[in-house]
Amino acid sequence: MEGLEAVGPSGGGRGAGAEPTARFAAEVDWSKVVDPYGSGQYGPDLLVRLWSPDRQTAEGACEELHFACCGDGGSVRDAALEVLPFLVQATADPAVKVRRQLLATLAVLARAHDAARAGRPDPKPGGWRPTAPAAWPAAWDRAVDALLSQLADDDATVRAGAVSVLAGATDRADDVIDRIRDRFDHEPNRWVAERLVLGVGELAGHAVDRREEAVSWLRQRMVDTGVREEPDGDDDIDAWLAWYERYGHDVRLSAIVALRRALPGRPDPAYARTTADVLLGPSLPDAARCRGSRSPYVDRVTAADAQLDGDLPGRLALAGGLLGRETAAHHEGGLRVAASLMSRWRSAVPELLPAVAEFIDTTDPVNRAFALRALAMCGAAARPWADRVAAHLTEEDEPHEPARRHAVWALSRMGDERCVAPLAAGLLSDRPTGFASWPPSTSACAWEESDLNHPEALASFADHVETLLGPLLARARVASPFERGAYYAILRRWHEKGGPVVEPLTRLLDEDGTLVEAAQALRMLGAGPVAAAHRDRLRERLGPPRFWPDATRVDPFAHFALTGDGEPLLALLRSPGESRFPELSAEATDRDRVRACAALGPLASGSADWLRGLFREALREKPRSPSSAPKGAVERARALWRVTGDAEEVVPALMELTAASARRAYATPGGVEPLLLLAEIAATYPPVADRAAERLRAAARARVEGGCRSEAMKILRALWELTRDGRRTAPVLVGLVRICPPAGHPPTLVESLELLAEVATADPACAVEAAPQVRHLLDADERPVSHGQWRAVLSDEAVLAAVRAVVDAAREAGA
């Protein structure tokens with residue numbers, strides 16, 4: 001480890017010597033420099049390549065060294081101790097083309113060393129404790145001494161990288177703080193100066209003698225504008241930017257970030273005042289805004305606003321100040337801050353929505369579209385501005401396509417039928433509409449993403465089927481099989497809301513060009529046997545079962561569901577020579593036959609013995625895990641029960657399969673399916689109902705305790721549908737509400753509360769105990785859902801509706 005004292009501006013190159021390979025071979029124990037994720041070992045060439053004039057070669061060596069030294073960053077590995085002196089030398093040598101990347105690796109090692117010294121365990125269950133070699137602290141101390149000199153390197157990116165490394169030298173915090181502060185007084189680059197300030201903030205919490213002094217210095221930076229002589233004239237954009245980069249040492253926003261790190265949990269009203277002073281300051285936003293549709297200034301605004309966190313009054317004042325300025329860049333920043341606040345606090349909507357609505361008609365198209373989108377986010381609260389929104393629906397009135405799209409979306413969120421005609425036109429258009437065929441898979445769509453989708457835009461307009469049905473089917477006709485199902489799902493929602501969907505779809509069965517798509521759509525509705533008169537026409541277009549519907553053939557399962565004619569499904573159970581539909585029989589698999597039996601029920605009684613054999617065969621197979629059902633066992637049990645009507649033939653096996661599942665708190669493949677089938681059988685077979693209900697409740701409680709919310713939700717819904725007993729369902733469901741996240745993949749807080757509301761409304765007695773545990777969600781100003789994303793208000797409104805239903809049910813029961 002000798003030689004670090006000699007590092008200078010080009011010391012790395014001289015230190016390597018005339019024969020660097022020999023030196024690297026002699027001074028490094030290469031048996032310890034290995035790939036932590038494989039069996040590969042390295043040799044002296046790995047370090048030699050760092051000095052390669054070919055950047056790609058040097059970058060490859062840097063990447064390999066990174067993984068050898070710290071893997072995924074969790075610990076300091078033995079390889080790091082061996083090569084550390086040469087990594088430091090390389091970062092100091094201008095001939096090395098990857099100095100910045102090497103400094104990033106050293107910064108990771110600094111954090112890993114700090115975590116190992118503090119003994120902080122990995123937060124994940126079963127996580128490891130970070131480690132570092134016993135000799136590492138002494139070696140790292142010498143490395144810090146060498147890296148301090150790089151604060152004066154000629155390359156600004158190296159100086160910034162050195163600050164990032166030194167910010168992790170927490171055991172040398174007092175000394176490093178002094179050196180960083182000294183460097184700040186001589187730093188010509190604003191970007192590096194900001195990192196120096198952030199470095200002091202990282203180290204202040206670890207300092208012994210310099211802590212209060214460092215905090216005072218940061219507070220001084222928070223009020224010091226750093227303004228020096230400004231360039232002549234306001235019109236030369238490049239001159240302004242060059243001056244601001246080199247001489248405008250206004251690091252007040254960085255000082256706020258640093259103070260939040262040095263004093264966590266201690267917000268200061270001065271943060272908001274300083275942020276407003278900075279962001280409402282010079283005319284630089286105009287210069288930045290004119291370079292493109294997205295202003296770098298806005299990134300600065302949103303980052304600074306985020307640092308204010310829970311300071312609602314300060315952030316409201318900032319949003320109002322930005323919206324009241326005269327430049328498009330200020331307005332863009334203000335609109336983003338306003339959207340963020342309205343997504344987080346209920347009280348921010350009446351405070352900010354009128355000001356945001358004024359930008360519906362602004363001359364800047366980017367801000368116009370964002371303002372319309374913010375109104376769409378607020379839904380019903382934006383109805384007072386519906387007429388102004390509706391003035392942006394046509395290309396003549398609104399030439400900016402994103403603004404037109406968001407005007408349509410806003411009206412659909414308000415339930416305003418003026419969006420119906422544009423939605424119909426969009427479905428018929430060959431151009432992209434900006435509306436997805438599926439709703440977002442998660443409930444978090446940040447400002448740079450879009451959650452516009454046809455299913456949600458069209459859901460409220462079941463009484464406009466006459467206008468929308470033709471365009472929707474036209475869009476489904478040219479869509480992929482995956483998307484086609486999404487459009488048919490819209491029809492199902494209209495049907496569930498009482499929309500007149502079945503009759504016009506049935507009429508389409510009379511036309512050759514629309515017969516197949518109408519049959520597929522009717523099947524999706526679950527409308528029952530509504531097409532018995534079309535049996536022969538549908539038979540002419542029969543095709544074998546497919547995972548995705550065939551756009552030209554009728555699936556035999558759809559044929560049976562619509563006509564009640566089971567002959568094509570029975571053909572799947574016969575050999576081609578015995579079948580009236582040999583094509584169907586020839587392509588049928590055992591799984592298709594089991595599905596056919598389940599659909600036909602007693603009509604497939606001739607296949608009972610065959611099913612019985614398959615079921616017993618599945619039970620003899622080894623399951624995928626001790627707590628999951630053998631592959632195929634559940635679907636075969638369901639088919640056997642539906643064919644024979646004999647619950648006792650399958651219930652004992654299901655009780656055995658679900659015994660372990662009722663105690664288990666984690667998910668396994670198919671682990672919930674036996675429970676759901678047991679509930680389905682128990683609903684028609686009273687002798688097993690109580691045992692099944694207790695099994696379901698125990699399984700749901702175990703999943704809630706284990707945090708397996710998706711399975712818990714499925715089990716609780718099955719329990720409720722089986723028993724309609726809120727006393728059994730609600731207590732476990734309240735536990736599920738507690739563990740559900742504010743956003744993400746369902747079930748979230750929204751879905752669990754909606755099920756609780758359904759239970760409480762049907763069985764008010766159970767709401768008396770549940771209501772006090774969720775009532776607080778009504779009173780909080782801060783929304784209990786994820787903030788900073790478009791769907792926050794929509795999700796929060798669903799939360800409020802569900803909680804009010806529970807509270808109202810409790811009041812009814814109490815009365």
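These legends describe close-up views of a predicted model.

**View 1. Helix H14 is mostly covered.** The helix spans residues 269-279. Eight of its 11 residues are buried. They are Ala270, Tyr271, Ala272, Thr274, Thr275, Ala276, Val278 and Leu279. The cover over these buried residues includes helices H11 (211-223), H13 (252-262), H16 (296-308), H17 (312-323) and H18 (328-344). At the start of H14, Asp268 places a side-chain oxygen within 2.8 Å of the backbone nitrogen of Ala270.

**View 2. Phe24 and Phe86 form an edge-to-face pair.** The structure holds nine aromatic pairs. In the pair of Phe24 and Phe86, the centres are 4.9 Å apart and the planes stand at 75 degrees. Phe24 belongs to helix H2 (residues 20-27) and Phe86 to helix H5 (residues 78-92), so the pair ties together parts 62 residues apart in sequence. Phe24 counts as buried, at 0% relative accessibility. Phe86 is buried too, with a relative accessible area of 2%. Ring pairs link Phe24, Phe86 and Trp51 into a cluster.

**View 3. Phe370 and Trp447 also pair edge-to-face.** Their centres lie 6.5 Å apart, with 65 degrees between the planes. Phe370 sits in helix H20 (residues 365-378), and Trp447 in the loop between helix H23 (420-428) and helix H24 (454-458), so this pair ties together parts 77 residues apart in sequence. Phe370 is buried, with a relative accessible area of 11%. Trp447 is buried at 16%.

**View 4. Arginines lie over aromatic faces.** Arg373 lies over the face of Trp790, 4.3 Å from the ring centre. Arg595 lies over the face of Phe557, at 3.9 Å from the ring centre.

Technical notes. Residues are numbered from 1 along each chain as its sequence is written. This is a predicted model: local features need pLDDT of at least 70, side-chain atom pairs count only at pLDDT 80 or more; totals for chains, interfaces and linings use all residues. Side-chain values use heavy atoms; hydrogens and water are left out. Buried means under 20% relative accessible area, exposed over 50%, partly exposed in between (1.4 Å probe, protein chains only). Helices (H or I, at least four residues) and strands (E, at least two) are DSSP runs, numbered from the N terminus. Contact means heavy atoms within 4.5 Å. A polar contact is a pair of N or O atoms within 3.5 Å; within protein, one must be able to donate a hydrogen and the other to accept it, and residues adjacent in sequence count only if both atoms are side-chain atoms. Rings of Phe, Tyr and Trp (its six-membered ring) pair if their centres lie within 6.5 Å; planes under 30 degrees apart count as stacked, over 60 as edge-to-face and the rest as tilted. A charge sits over a ring if NZ of Lys or CZ of Arg is within 6 Å of the ring centre and within 35 degrees of the ring normal.
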